[in-house]
Amino acid sequence: MDFLHIEPIRERSGAHDWIIREHSHPEHIQVLLVERGGGSFWVEGQELAVPTRSMIVVPAAMVHAFEFSADTDGFVINAASSYVRAVAGSDSRLLEPVSRAAVYPLEDEPMRQEIMGEVFRWCYREYVWSAPGRRAAIYGQFLQVLVALMRAADAAGQPALAAGDKDYALVCRFREAVEERFRITRTITDYASALGVTAHRLNQACRARAGKSPSDLLHERTIVEAKRFLIYMERSVAEIGYELGFDDPAYFSRYFTKRVGQTPGSYRKAMLKGSEERLARSG
């Protein structure tokens, strides 16, 4: 999918007894509008409460799961990362909110609830209605979603960046490069060279706009992929390490353990156990 998909929450969640098991979308972001019901949102092992009337952001590649109460409804948008960047255009402020997992309650903002409900409904109508100008109409509706997320993040104490922020633009380019090359490129110097900047300049931008070093961001992306493989792939730890560019299985195990606090094998067992327990509760 190089575009956008939208459907009512009840269609997929209801068919799975309101539980969506751990998974990830390597090339897509998700935005959910919960108009009825609620539940819990797990992302990278952290649980976030989902109240009635809220918006949820699931960044690309993050391992996540949902446990909704029965009859939860609203809408869920899956948007290709390339499409999100195209809609955001040159305004990097619109990309910042979809890079962070978050739940934004709307219950104290009746006006925003009403507006977002209408935006998602119109987006859904255009999606299922093959009328002339369909893509342009969806583009416009999704742009409103991005603006709403930017404002919600700002209200939650995550201020928007200044328009045309060069540091953030460089961080976005670096994240894109990491997505393409994290399995094969390990040095920040190589990334900086590919981006046409010095390692020092890249480090400044990442620390200023992401609050982390380029190495931290690279390691985080590698760990996200490792977690995804451990949960969904029936491969040995050594095979997963090789897939991620680690020639030495022991080094991969140490690398993972240092950053997660568990060995790869222990993490896999814990996540599978948690998934089984949630399924048991629902049954």
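Reader: What makes β4 and strand β5 (residues 46–50) a pair?

Author: Two strands pair if DSSP finds at least two bridges between them, and five bridges join β4 to β5, which run antiparallel. Ser40, for instance, stands opposite Ala49 in β5. Strands here are DSSP runs of E with at least two residues, helices are runs of H or I with at least four, and both are numbered from the N terminus. This is a predicted model, in which local features need pLDDT of at least 70, side-chain atom pairs count only at pLDDT 80 or more, and totals for chains, interfaces and linings use all residues. Residues are numbered from 1 along each chain as its sequence is written, and side-chain values use heavy atoms, leaving out hydrogens and water.

Reader: Which residue in the hairpin of β4 and β5 takes a positive phi?

Author: That is Glu44, with a phi near 50 degrees, and the hairpin has two residues between the strands.

Reader: Why is strand β4 (residues 39–43) called largely enclosed?

Author: Buried means under 20% relative accessible area, with exposed over 50% and partly exposed in between (1.4 Å probe, protein chains only). Four of the five residues of β4 are buried, so the rest of the structure largely encloses this strand.

Reader: Why are α3 and α4 called roughly antiparallel?

Author: Axes are lines fitted to C-alpha atoms, for helices over the stretch in contact, and angles run from 0 to 180 degrees between N-to-C directions. The axes of helix α3 (residues 110–128) and helix α4 (residues 134–155) cross at roughly 155 degrees. Angles under 35 degrees count as roughly parallel, over 145 as roughly antiparallel, 65 to 115 as roughly perpendicular and the rest as oblique. The two helices are therefore roughly antiparallel.
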